[in-house]
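Dear colleague,

Please find the structure below, handed over for your further work.

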Amino acid sequence: MSDFDIQIPGAFDPFAEANVDDQGAGSKEYVHVRIQQRNGRKSLTTVQGLKKEFNYNRILKDFKREFCCNGTVVDDTELGQVIQLQGDQRKNVSQFLVQAGVAKKDQIKIHGF
């Protein structure tokens, strides 16, 4: 009996090691590009999660000029500042953010149908 190490099973957490490894992955900031359906064929594209040091009004002005659409910056209590654009601009916004160097391609999450 002394040759074997006897371990009494106790409270075992199978996800304990996974939680330690995920701390680095959870700190990654994402830019979320979403689409919302409005009336009929009308839609609205929202961009959230941009860094605070960027001038949202300047980015909005560039979006409007590049995509020939209208938009606004909305202050939300939970989400912070959110850029809203008319129409389905998801692909355009993601390409623009990567080309302008605002966000990397792996930091952009595109949501919607």
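In this predicted model, Phe 96 has a relative accessibility of 18% and counts as buried, because the cut-off for buried is under 20%. Phe 63 counts as buried as well, since its relative accessibility is 0%. Phe 63 and Phe 96 form an aromatic pair of the edge-to-face kind, with 5.2 Å from centre to centre and 65° between the planes. Phe 63 belongs to helix α3 and Phe 96 to helix α4, so this pair ties together parts that lie 33 residues apart in sequence.

The structure holds three aromatic pairs, and one of them is the stacked pair of Phe 63 and Phe 67, at 5.5 Å centre to centre and with 20° between the planes. Both residues lie in helix α3, four residues apart, which is about one turn of the helix. Phe 67, at 13% relative accessibility, counts as buried. Taken together, Phe 63, Phe 67 and Phe 96 form one aromatic cluster.

Helix α3 comprises residues 56-67 and lies across β3 and β4, running at about 10° to β4. Helix α4, residues 90-100, lies across β1 (31-37), β2 (43-48), β4 and β5, and its direction is at about 175° to β5.

As to the sheet itself, how many strands form it, and in which order? The sheet is open and is formed by five strands in the order β3-β4-β2-β1-β5, with mixed pairing. The edge strands are β3 (71-76) and β5 (108-110), each of which pairs on one side only. On average, neighbouring strands of this sheet are turned by 25° against each other, direction ignored.

In general, strands of a sheet pair through backbone hydrogen bonds, in either a parallel or an antiparallel manner. Here, β3 and β4 (residues 80-86) run antiparallel and are joined by six bridges. Gly 71, for instance, has Leu 85 in β4 as its bridge partner.

Lys 109 lies over the face of Tyr 30, at 4.6 Å from the ring centre.

Yours sincerely

Key
Residues are numbered from 1 along each chain as its sequence is written. This is a predicted model: local features need pLDDT of at least 70, side-chain atom pairs count only at pLDDT 80 or more; totals for chains, interfaces and linings use all residues. Side-chain values use heavy atoms; hydrogens and water are left out. Two strands pair if DSSP finds at least two bridges between them. Helices (H or I, at least four residues) and strands (E, at least two) are DSSP runs, numbered from the N terminus. Axes are lines fitted to C-alpha atoms, for helices over the stretch in contact, and angles run from 0 to 180 degrees between N-to-C directions. Contact means heavy atoms within 4.5 Å. Rings of Phe, Tyr and Trp (its six-membered ring) pair if their centres lie within 6.5 Å; planes under 30 degrees apart count as stacked, over 60 as edge-to-face and the rest as tilted. Buried means under 20% relative accessible area, exposed over 50%, partly exposed in between (1.4 Å probe, protein chains only). A charge sits over a ring if NZ of Lys or CZ of Arg is within 6 Å of the ring centre and within 35 degrees of the ring normal.
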